[in-house]
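Here are a few notes to read alongside the model.

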There are 2 protein chains.
Amino acid sequence: MSDHNQLLEQLRRIVGAPNVLTEGDLTAWEQDWRKRERGRALAVVRPATTLEVAAVVKACAAAGVSMVPQGGNTGMVVGSTPDASGTQVVLSLTRMNKVRTLDAGNLTITVDAGCVLQSLQETCEQAGFLFPLSLASEGSCTIGGNLGTNAGGTQVVRYGNTRELCLGLEVVTAQGEVWNGLTGLRKDNTGYDLRHLFIGSEGTLGVITAATMKLYPLPKAQLTAYAAVPSMEAAVALLGLAHQHLSAGLTGFEVMGQFALSLVVKHFPQQRVPFWQESPAAASGRPKQGTAPSGGREPHEVGSVGAPYYVVLENSDNESEAHARACFERLLEAAMEQGCVTDAVVAESMAQARALWHIRESIPLAQAEEGLNIKHDISIAVSRIPEFVRVTDALLQKQFPGARLVNYGHLGDGNLHYNVQAPEGHDAARFLVEQENPINALVYESVDQFNGSISAEHGVGSLKLEKLEHHKSPVALDLMRAIKHALDPHNLMNPGRVIRG
Amino acid sequence: MSDHNQLLEQLRRIVGAPNVLTEGDLTAWEQDWRKRERGRALAVVRPATTLEVAAVVKACAAAGVSMVPQGGNTGMVVGSTPDASGTQVVLSLTRMNKVRTLDAGNLTITVDAGCVLQSLQETCEQAGFLFPLSLASEGSCTIGGNLGTNAGGTQVVRYGNTRELCLGLEVVTAQGEVWNGLTGLRKDNTGYDLRHLFIGSEGTLGVITAATMKLYPLPKAQLTAYAAVPSMEAAVALLGLAHQHLSAGLTGFEVMGQFALSLVVKHFPQQRVPFWQESPAAASGRPKQGTAPSGGREPHEVGSVGAPYYVVLENSDNESEAHARACFERLLEAAMEQGCVTDAVVAESMAQARALWHIRESIPLAQAEEGLNIKHDISIAVSRIPEFVRVTDALLQKQFPGARLVNYGHLGDGNLHYNVQAPEGHDAARFLVEQENPINALVYESVDQFNGSISAEHGVGSLKLEKLEHHKSPVALDLMRAIKHALDPHNLMNPGRVIRG
């Protein structure tokens with residue numbers, strides 16, 4: 001205890017007493033985003049510079065106190081909150097939130113780890129560039145957290161995950177040394193790629209304090225289309241056509257199952273969902289001039305028959321809106337001819353485009369309105385997704401009759417949020433408690449059969465630590481353990497996350 | 001010695017006696033590509049399967065014999081040949097050269113490590129897809145070697161280095177275990193990114209035996225332009241415009257200095273080099289309809305005045321050749337208006353395009369004809385290249401009067417082959433022996449000043465091992481050493497390359 005007091009004194013000297021939080025309401029740092037777990041920190045320490053981070057790490061390491069690096073604390077897998085022991089230091093990076101340099105000629109921006117993603121996006125846009133990482137929590141999450149977890153989001157089909165957007169890192173090692181790898185180089189073959197090792201390591205190997213990220217020219221136009229498709233096979237066929245017709249213009253490709261959309265229709269009836277009600281034109285299979293959502297209210301009957309799946313597509317164009325529209329129309333025509341789209345609409349305005357995306361973004365919220373549910377974040381080779389869905393849907397229906405599938409996600413990347421809601425009328429909370437483990441087991445077993453991943457974009461944290469031990473190859477786990485021991489031999493960096501130290 | 005004989009017996013049992021080479025001319029395996037060093041192997045072992053590789057590694061590890069993984073043996077930094085001791089086993093992967101699966105719906109191909117790059121390109125093209133990795137040695141190098149060294153080449157500006165094209169690996173670890181990470185997933189956040197750790201590790205952490213690589217739709221048209229630019233600043237400005245106008249269509253952007261081109265003109269006079277002779281239109285700065293090379297012979301006077309730099313640009317288009325041409329013309333018009341291009345020509349046919357690229361590709365050959373020279377493979381943030389070149393050119397001229405700069409490379413990636421040729425009339429061999437070290441030191445010191453890399457795409461091998469120790473940050477070197485010890489504790493995997501074990 002007095003050891004801890006000595007450490008706290010040291011930490012106050014390093015970052016200033018007001019930045020060592022030990023009292024008051026620390027919920028924001030101690031509770032995870034999904035409110036699954038609440039820990040207790042020895043202190044929340046908020047350094048303002050890389051050197052302060054290094055000094056904090058050295059002090060904690062000398063005291064044998066483990067550290068939990070934290071950005072916006074918006075993770076989905078309980079990876080950035082302290083355990084219940086009251087002996088861990090939360091290392092919050094949010095005071096380090098500055099843009100260091102924007103290099104227009106090099107198409108790079110160098111930022112502190114605590115920079116909020118949305119503010120980073122805005123800074124880039126104001127300078128005439130696109131920073132393409134985009135995800136639901138962008139108003140709160142930080143680029144350091146995005147890197148630590150290798151966040152995905154909605155533009156991965158074109159720009160890749162966070163790791164693909166990163167050219168260099170600054171990291172404080174578990175020993176409190178500063179590695180400055182902020183080079184902004186697009187080519188650098190001078191040894192092992194330390195950058196990619198720290199990215200996605202969820203703070204278990206060191207603390208990311210800054211990064212150099214790629215910028216892209218702002219597209220001249222961004223168009224959104226919305227299509228009803230007759231099957232998951234058709235959705236995958238549409239994706240293939242979209243790659244051919246749009247090439248790198250394809251910047252978004254999201255799929256939504258019928259039941260997922262029905263929840264949006266039910267809980268957010270003010271949203272207009274195109275093609276929700278069966279129409280004669282849809283049945284005829286002929287191209288139809290659809291009507292994009294106007295934002296106006298229109299009543300919908302839950303359970304009215306629509307297509308089994310819907311797709312939101314985005315086309316970013318560096319020429320003009322007219323060109324983007326022409327490309328989109330050629331694509332959708334070809335898709336209708338091949339029968340992989342039954343109805344489609346291209347947004348006529350930014351407002352319409354936003355409304356279409358809003359449908360997709362409303363699914364998690366609608367699902368929460370419907371009640372607690374069992375979430376998955378899986379990936380499968382795109383070509384095998386139809387078979388995976390058919391097989392796994394059937395297994396679930398057989399073993400958990402009435403369970404309702406909220407199936408949606410980033411089909412362009414083979415990433416589904418294949419979530420399971422309690423049967424109609426069941427107690428959702430009880431369903432979660434009783435069925436989460438067996439349903440997880442069934443889904444992950446199926447993912448294994450299809451050579452997929454049990455965590456596509458959310459990471460491991462502590463939530464999936466044991467599952468990883470079960471589903472990942474023993475050789476890979478051995479390699480990971482060897483790396484963890486090599487870089488953090490005393491297991492002080494976010495212990496109990498990703499891999500046991 | 002008898003230990004070695006026992007091992008050789010074991011190896012013969014594993015791969016078959018004809019695939020354990022100990023006699024005859026082993027130059028192809030024992031001498032490096034640039035003929036800088038000649039080693040001697042205990043044996044060249046040629047396994048046919050991953051399990052054979054694993055068995056070979058286990059046998060060598062048990063005998064304490066170190067291994068040198070080798071693909072096409074086309075590396076530039078003496079990284080895949082044995083040392084002179086006669087005690088190392090060369091593990092040649094070239095018999096493992098099959099395509100395992102091509103998954104059109106997933107846009108991936110899974111191949112054995114020993115597959116020759118060009119044959120991989122051709123397989124993909126026949127199936128209607130582009131595999132974009134392209135480099136000078138593609139007729140001999142293997143995809144395993146490309147991955148081991150994270151090869152670059154001429155399409156990096158759009159598609160990234162080899163690592164960016166790889167979704168998954170199969171690796172035999174230093175312990176002889178097989179890690180199967182051939183998932184073909186575009187998103188997989190289940191722990192440390194082992195893939196990126198093995199890529200670029202030059203066989204020092206394990207042996208890559210197969211890989212799943214990304215495919216792209218074949219572009220509908222590929223056009224090449226050739227432009228004379230008044231300065232390196234102008235070349236960088238042209239690159240910025242090209243990003244804006246062509247976006248992801250920009251698939252190649254190479255720069256060539258005047259002296260580099262003069263060597264092509266001198267040694268390959270049958271090649272027609274556009275804008276080589278000063279023309280009135282060029283001097284006027286007005287747009288001019290250039291004439292692309294026809295392949296016909298036309299005499300050139302060495303030393304005739306041209307622009308200080310020339311650029312080869314490639315535009316890949318997913319619509320049509322007409323569209324590609326229109327985009328190129330808009331770009332070149334804008335560039336001429338801004339004064340960053342003085343003359344430009346767009347190839348009218350595939351033959352013309354090939355001829356333009358051939359000029360660029362002939363530079364290393366022309367340089368070899370001119371005599372031995374001091375090669376560099378450096379990268380700098382694109383925005384700082386003009387300043388780097390100005391400063392470093394001046395330093396070189398001051399300290400090595402008359403030294404001639406063969407400056408060319410992948411400007412789109414900030415990667416220059418900033419080579420130095422002996423002064424006119426000097427003995428090139430003697431210049432190399434006497435001046436290589438001091439010229440390396442000067443250039444790399446300057447690279448350090450500009451926060452660049454001393455090895456952009458060629459890797460470290462043994463040629464740059466000591467230089468890396470001098471130029472890389474001690475923290476990074478410590479991290480690399482810790483990883484090497486963790487994964488290859490007995491230093492048996494390609495020892496003496498990249499980092500001392």
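Which residues touch the most other members of the largest nonpolar core?

1. The core. A:Leu238 and B:Leu238 do, out of the 204 residues in the largest nonpolar core. A nonpolar core here is a set of buried Ala, Val, Leu, Ile, Met, Phe, Trp, Tyr and Cys residues joined through side-chain atoms within 4.5 Å. Buried stands for under 20% relative accessible area, exposed for over 50%, and partly exposed for in between (1.4 Å probe, protein chains only). With neighbours within four places in sequence set aside, B:Leu238 is in contact (heavy atoms within 4.5 Å) with residues including B:Ala227, B:Val229, B:Phe253, B:Leu313 and B:Val341. As background, nonpolar side chains in soluble globular proteins tend to be buried together.

2. Conventions. Please keep in mind that this is a predicted model, in which local features need pLDDT of at least 70 and side-chain atom pairs count only at pLDDT 80 or more, while totals for chains, interfaces and linings use all residues. Residues are numbered from 1 along each chain as its sequence is written, chains are lettered from A and ligands numbered from 1 in the order in which they are written, and side-chain values use heavy atoms, with hydrogens and water left out.

3. The two copies. Chain B superposes on chain A by a rotation of 180° with 0.0 Å of shift along its axis, at an RMSD of 0.1 Å. The two copies are thus related as by a two-fold rotation axis. The same surface serves both copies, as 100% of the contact residues of chain B recur in chain A.

4. Helix α16 of chain B. This helix (residues 474-487) has 14 residues and reaches 20 Å from its first C-alpha to its last, close to the 20 Å expected at 1.5 Å a residue. The expected span is 1.5 Å times one less than the number of residues. Helices (H or I, at least four residues) and strands (E, at least two) are DSSP runs, numbered from the N terminus. Among the buried residues of α16(B) are B:Val475, B:Leu479, B:Ile483 and B:Lys484. What do the buried residues of α16(B) pack against? Their partners are β8 (166-173), β9 (178-181), α7 (194-198) and α16 (474-487) of chain A, together with α7 (194-198) and α15 (465-471) of chain B.

5. Helix α13 of chain B. The 15 residues of α13 (residues 385-399) should span 21 Å, and the end C-alpha atoms are 21 Å apart, which agrees. Buried in α13(B) are B:Ile385, B:Pro386, B:Phe388, B:Val389, B:Thr392 and B:Leu396. They cover an arc of only 150° around the axis (taken from the directions to the C-beta atoms), which puts them on the same side of α13(B). Their cover includes α8 (232-246), β14 (309-317) and α14 (428-449) of chain B.

6. Strand β6 of chain B. Five of the five residues of β6 (residues 108-112) are buried. On one side these are B:Thr108, B:Thr110 and B:Asp112, and on the other B:Ile109 and B:Val111. Two strands pair if DSSP finds at least two bridges between them. β5 (residues 99-103) and β6(B) pair in the antiparallel sense over four bridges, and B:Leu102 has B:Ile109 as its bridge partner. These two strands form a hairpin with four residues between them, where B:Leu107 in the turn has a positive phi of about 55°. Five bridges join β6(B) to the antiparallel β10 (residues 206-214) of chain B, with B:Ile109 opposite B:Met213.

7. Is A:Glu436 buried or exposed? A:Glu436, in helix α14 of chain A, is buried, with a relative accessible area of 16%. A:Arg36, in the loop between α2 (27-30) and β2 of chain A, counts as partly exposed at 33%. Not counting residues up to four places away in sequence, A:Arg36 touches A:Val78, A:Glu436 and A:Leu463.

8. Positive phi. A:Asn494 has a positive phi of about 45° and is buried, at 0% relative accessible area. B:Phe275 has a positive phi of about 60° and is buried at 14%.

Note on methods: Least-squares fit on C-alpha atoms with pLDDT ≥ 70 in both.
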